[in-house]
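Please look through the sequence and the 3D structure shown here, and keep both in view while reading the report.

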Amino acid sequence: MKYICRHCGKTYPITSMRYICECGSLLHLSYPKTPPDFGSLGNDHSLWRYRSALPPFERETIEQITMGEGGTPIIRLEENLFGKADYLMPTLSFKDRGAVMLAALMAEAGVKRCAIDSSGNAATAVAAYAARGGITTEVFVPASTSAKKLTQIEAHGGRIHAIDGSRDETARATIDYVNASGIFYASHIFNPFFWEGTKTYIYELYEQFETLPEVLIVPVGNGTLLMGVYIALQELKAWNPIDSYPLVIAFQAANCAPLAQAYEKRSLVPQSVAVSPTLAEGIATGVPARGKDILQAVHELGGRFVTVTEEEIIKAHSDLAKKGVYVEHTSAANYAAYRVAVEKDATLADKKALIPLCGAGLKSAH
Ligand SMILES: [Zn+2]
């Protein structure tokens, strides 16, 4: 298992604890994987049922860190639209899929203290799973983050650093702190272990639908779910369970859309955009560190981007609640994106589509 820089080709051992290559590029992860035998995965219903295709942690480490994350149900929302209820995870968001990987990595590497920056859910998940490994988490969040999320983070022993600024300014403050203190950067954006967890979202869909839905709606801020989706789809195609990709429709809030705007301009470089506040705080990233990787991934998958307005998000939030589903506005934005996509392309209405229901509504401030 090693980190690899796709820009200059340099590799680093996992124990190097690097979050970025010497050349300044971001790192990817390389390790031997065995395709899951989908016909006989046994009765572990957590994401660890796919252990052969996950980073090779010791069994004792997994047993110490896991809270049974994964294995979330599918909810029918419309005749052809389904939602995957990842808001039913141990810390109430899909980030648990990646956080358990980062925490296992830290536990095996003997890390005692780490830093993470987040709009809330990733930090909550990392603080919770790190606590299980006896690891203290320094959590950097925008000062505007929901008080409920901060309460949860502190309950897990996380130390809050509230940054008076945007999500992007919070990220810069974290990197300054990591560089000055030398502690491990448990970043869900920089560290590729995180996607090795989020990719199990696709494995589960493959099992639950006995193939994949024809259309996948994927929210994109820093791309932690999108990159997991990308890796898993490539793996499933290489391993033969699927012979073509489903249509991946990535979306951003219209108020913060550096990648959707790049897609519109047929560019593989994130656009410099004016950012306005959005209810979809989980994807409010104006300067995504992995922006080029995300655009490249959507391009390779043959996917597309759409954007959603604040009004569309509010309507979708209300409509989902009337279907019994109470999620954050960032999650409701997925439903809004589905509606926008169908409005743009009516043929999608007849296709089996899936949206992620990423975070529980009780966590958000509004
Ligand atoms: Zn490099």
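## The chain as a whole

This is a predicted model, and the protein chain in it holds twelve helices and 13 strands. The radius of gyration of the chain is 19 Å, close to the 21 Å that the globule rule gives for 366 residues, so the chain is as compact as a globular protein of that length. Along its principal axes, the C-alpha trace spans about 50 × 50 × 40 Å, and 59% of the 366 residues count as buried.

Side chains of opposite charge can pair when their charged atoms come close. In this model the count comes to 17 salt bridges. One of them joins the side chains of glutamate 196 and lysine 33, with a distance of 3.8 Å from N to O. This pair links distant parts of the chain, since glutamate 196 belongs to helix H6 (residues 193-198) and lysine 33 to the loop between E3 and H1, 163 residues apart. Glutamate 196 counts as buried because its relative accessibility is 3%, under the limit of 20%, whereas lysine 33, at 29%, counts as partly exposed.

A salt bridge also forms between the side chains of arginine 113 and glutamate 138, at 3.0 Å from N to O. Arginine 113 lies in strand E6 (residues 113-117) and glutamate 138 in strand E7 (residues 136-142), so this pair ties together parts that are 25 residues apart in sequence. Here arginine 113 is partly exposed, with a relative accessible area of 32%, while glutamate 138 is buried, with a relative accessible area of 2%.

## A further pair and a network

Arginine 290 and aspartate 293 form another salt bridge, in which the closest N and O atoms are 2.9 Å apart. Arginine 290 counts as buried at 1% relative accessibility, and aspartate 293 is partly exposed, with a relative accessible area of 23%. Salt bridges that share partners also join Lys33, Glu196, Lys199 and Glu235 into one network.

## Negative charge on the surface

Which residues gather in a patch of negative charge on the surface? They are Glu58, Glu60, Glu63 and Glu108. Among them, glutamate 60 has its place in helix H1 (residues 59-65), and glutamate 60 is exposed because its relative accessible area is 54%, which is over the limit of 50%.

## Residues in the loops

Methionine 17 lies in the loop between strand E2 (11-13) and strand E3 (27-30), where methionine 17 counts as partly exposed at 23% relative accessibility. Arginine 266 is placed in the loop between helix H9 (258-264) and helix H10 (291-301), and arginine 266 is exposed, with a relative accessible area of 81%.

Tyrosine 326 is likewise found in a loop, the one between helix H11 (310-322) and helix H12 (329-344), and tyrosine 326 counts as partly exposed at 40% relative accessibility. Although tyrosine 326 and leucine 81 are 245 residues apart along the chain, their C-alpha atoms are separated by 17 Å.

Terms used. Residues are numbered from 1 along each chain as its sequence is written. This is a predicted model: local features need pLDDT of at least 70, side-chain atom pairs count only at pLDDT 80 or more; totals for chains, interfaces and linings use all residues. Side-chain values use heavy atoms; hydrogens and water are left out. Patches are made of residues with over 30% relative accessible area and no salt bridge: like charges are joined within 9 Å, nonpolar side chains (Val, Leu, Ile, Met, Phe, Trp, Tyr) within 5 Å. Accessible areas come from the Shrake-Rupley method with a 1.4 Å probe; for residues, only the protein chains shown count as cover. A salt bridge is a side-chain nitrogen of Lys or Arg within 4 Å of a carboxyl oxygen of Asp or Glu. Lys and Arg count as positive and Asp and Glu as negative; His and the chain ends are not counted. The place of a charge is taken as NZ of Lys, CZ of Arg, CG of Asp or CD of Glu. Helices (H or I, at least four residues) and strands (E, at least two) are DSSP runs, numbered from the N terminus. Buried means under 20% relative accessible area, exposed over 50%, partly exposed in between (1.4 Å probe, protein chains only). The radius of gyration is taken over C-alpha atoms; the globule rule is 2.2 Å times the number of residues to the power 0.38.
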